[in-house]
Amino acid sequence: MIASSKVMTKTIKSVIKFVAALLGLSMPASLRAQAHNPIIWADVPDIAVIRVGDMYYMSSTTMHLSPGLPIMKSRDLVNWQLVRYAYDTPGEDDALSLRNGKSAYGKGSWASSLRHHNGTFYVTTFSGTTGKTYVYSTRDIEKGPWAVSSFRPMLHDHSLFFDDDGRVYMIYGGGRIKLIELTADASAIKAGGADQVIIPDASAVAGPDIGLRAEGSQMFKVNGRYYLFNIVWPKAGMRTVIVHRADKIAGPYEGRVALQDKGVAQGGLIDTPKGEWYAYLFQDHGAVGRVPFLVPVKWEDGWPVLGVDGKVPDTLSLPASTGCIPGIVASDEFDRRPGERALPLVWQWNHNPDDNLWSLTSRPGFLRLTTGRVDTDFLASRNTLTQRTFGPECSATTAIDVSNMKDGDFAGLALLQKKYGLVGVKADGNARAIVMLSAESDSPVEIARVPLAGKTVFLRADCDFKDRADKANFFYSLDGKTWTAIGGALKMVYTLPHFMGYRFGLFNFATKTPGGYVDLDSFRIGVPPSIADKDKHP
C-alpha cells in the first residue's frame, strides 16, 4: 500500500478525537445529553420521515447522483445511518449518464415521500429529467428488494397519502395544490379517480408578495383531521412553513403561517413513542448544502404550533449527536472482504457510472479509475466518485498512484459544485505536475502547478463552513506526513444549477487519449489537521 501504517494510525486517532469532540466530551455536563440544531450538518434536503414502532426512517433528495433516493434509519431522530438506496438509477438516458454533452445537474430525482402502510414501505419521487413519477415498495426497507413502477406525468413535490377508507392519493403542485387518486397499490393513477384542485392559492396565507409559491407538500392525518405542510418564500422575507387543515381530504382548507425563523422550512410532522411531536425541516446553509433541523411541536386548538415561542431552538431534549462519521460519511481503504459491498453506501457517483471503467479487484486494496473517452472539462467527465462534505469543518485525503496515466490525463481530489475546485495530477507527455484548479469564476482556471517526479502523491482538501465562511484549501504531500498548500483559497458558493452542497470527489478523465488509469489507495475523511492538533494540545 502507498499509505504507511504510521499514517493510518495517526488518521485513526484523529478520527477518534473528532468523534469524541462531536459526542460532546469537551462540553459542560449539562449540555452533553442534548441534541443541537442542525441535526445533521450536511446536505440532506427535502427530508421525509416516518416512525415504525421505535425506529425512524428518512428519505432525502440526491438528484443527479447514483445510486439515489437514500434511506436512513435512527432510533433517536438525531443519529442517522444510511441503510440503502431506492434505485441504482432512474434511467439510462444521455442526461443522466453525462453523454453527448448533456447532464442532469440540478435535476435527476427530487423531493421524495416516505410511507408505511399495511406492512409495506413506499418511497416515491419524481424526475424532471425523465418526466416520470416513481413508486418504490418493499416489505423490508433495510434489506428487501424493491418493486418499482412509474407513470407520467411527474407530480411535482408530491405527498403520497393512504387514507383510512382505503383510498390512495398524491397531493402535489406549486401554489395551486392538487389531489389525484392512485390505484390501491399506489403503482399508477386510478382511471376515473379523484383529480381536483384542493387549495387554489395555498401561498395566500403568507401574504400578497410571494417569490417561491407554496410547494413541498406533505400530508398528515392526526385525530381525524387532515394537515398539509408546505413551504413559501415571501419576496421580502425568508423560507416559511405554512399549514392548512381540513375535515375532509378534498377540503375546504383553512391555513396559517406555522413558522418563520432562520429560514428553516419544508418538511412535516413526526411523533415519538412517548407522544412528543416534532417538525422535521431543513435550512439553506450555504455551500455545505441544505441541512436538517428538528423543531418541537405542541398542539393548540387543533393546530400544530412549531418552535419555542415561535423560534427554532439551538438545543433539543434529545440525545446528543455522534456526528456524520460513519453513518453518513466514512473513510475507505478500498479493502474488501468476501461478501462486502463493492462500494459502501456513503459513496455516490456523479451521474450514472460506466461500470466497465472502475474496479476494486484489478489491484486489490485500490480503487482503479480508467478513462474511457476524451472530455474537455471536469464537470463533463464520468465516474467521479463522491461523498458529502460536512460542517463545521472537514477534511479529506487520498493517496494516488499516477504511473499509468496517459498524456493529457487529469486525476485527483475535487470539491464538486458548479464553482468547483480541485487538486490533482496532470500528465503532459512524460511529465507529471501537481495542479490546483479553480472554477470560482465559472470557468476553470489553473491557479498553481508544481512538478511531480515520483509516481505517488497524497492530496488533501480542507473545508471551513463555520459561520458560513465557505472556504476550502488544497494541499499535497509526497510522504503523507508533511503537507504543502497549493494555490489559493476556494470561495465555495451554493448554486442553483447544481442545487447541491459541495461534495468530495475522486476523479480521473482524459483530454487527449482514453485508456489511462490511476490507482487510489485510500480515502480518509475527518477534520483538518489543525483541528486535530488542537485536540492534542488544548
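Two strands count as paired if DSSP finds at least two bridges between them. In this predicted model, 8 strands form an open sheet, with antiparallel pairing, in the order β4-β24-β27-β36-β29-β30-β31-β32. The edges are taken by β4 (65–66) and β32 (445–452); each has a single partner strand, so one side of each has no neighbour in the sheet. Strands of a sheet pair through backbone hydrogen bonds, and the pairing may be parallel or antiparallel.

Strand β31 (residues 431–438) is joined to β32 by 7 bridges, and the two run antiparallel. Within this pairing, R432 stands opposite L452 in β32.

A further open sheet is made of 7 strands, also with antiparallel pairing, in the order β25-β26-β37-β28-β33-β34-β35. Its edge strands are β25 (358–359) and β35 (484–491), each of which pairs on one side only. Further in, β26 (residues 367–370) and β37 (residues 517–526) run antiparallel and are joined by 4 bridges. There, T370 has Y517 of β37 as its bridge partner.

Setting aside neighbours within four places in sequence, S359 is in contact with F366, L367 and R368.

Now turn to the aromatic rings. The count comes to 21 aromatic pairs. One of them joins F334 and W347: the ring centres are 6.2 Å apart and the planes are at 25°, so the pair is stacked. Both residues lie in the loop between β23 (315–316) and β24 (348–350), so the pair ties together parts that are 13 residues apart in sequence. F334 is buried, because its relative accessibility is 1%. W347 is buried as well, because its relative accessibility is 3%. Elsewhere, F378, F410, Y420, F507 and F509 form one aromatic cluster.

Some rings have a charged side chain over the face. R115 lies over the face of F220, at 5.6 Å from the ring centre. R460 is placed over the face of F475, at 3.8 Å from the ring centre.

Conventions
Residues are numbered from 1 along each chain as its sequence is written. This is a predicted model: local features need pLDDT of at least 70, side-chain atom pairs count only at pLDDT 80 or more; totals for chains, interfaces and linings use all residues. Side-chain values use heavy atoms; hydrogens and water are left out. Contact means heavy atoms within 4.5 Å. Rings of Phe, Tyr and Trp (its six-membered ring) pair if their centres lie within 6.5 Å; planes under 30 degrees apart count as stacked, over 60 as edge-to-face and the rest as tilted. Buried means under 20% relative accessible area, exposed over 50%, partly exposed in between (1.4 Å probe, protein chains only). A charge sits over a ring if NZ of Lys or CZ of Arg is within 6 Å of the ring centre and within 35 degrees of the ring normal.
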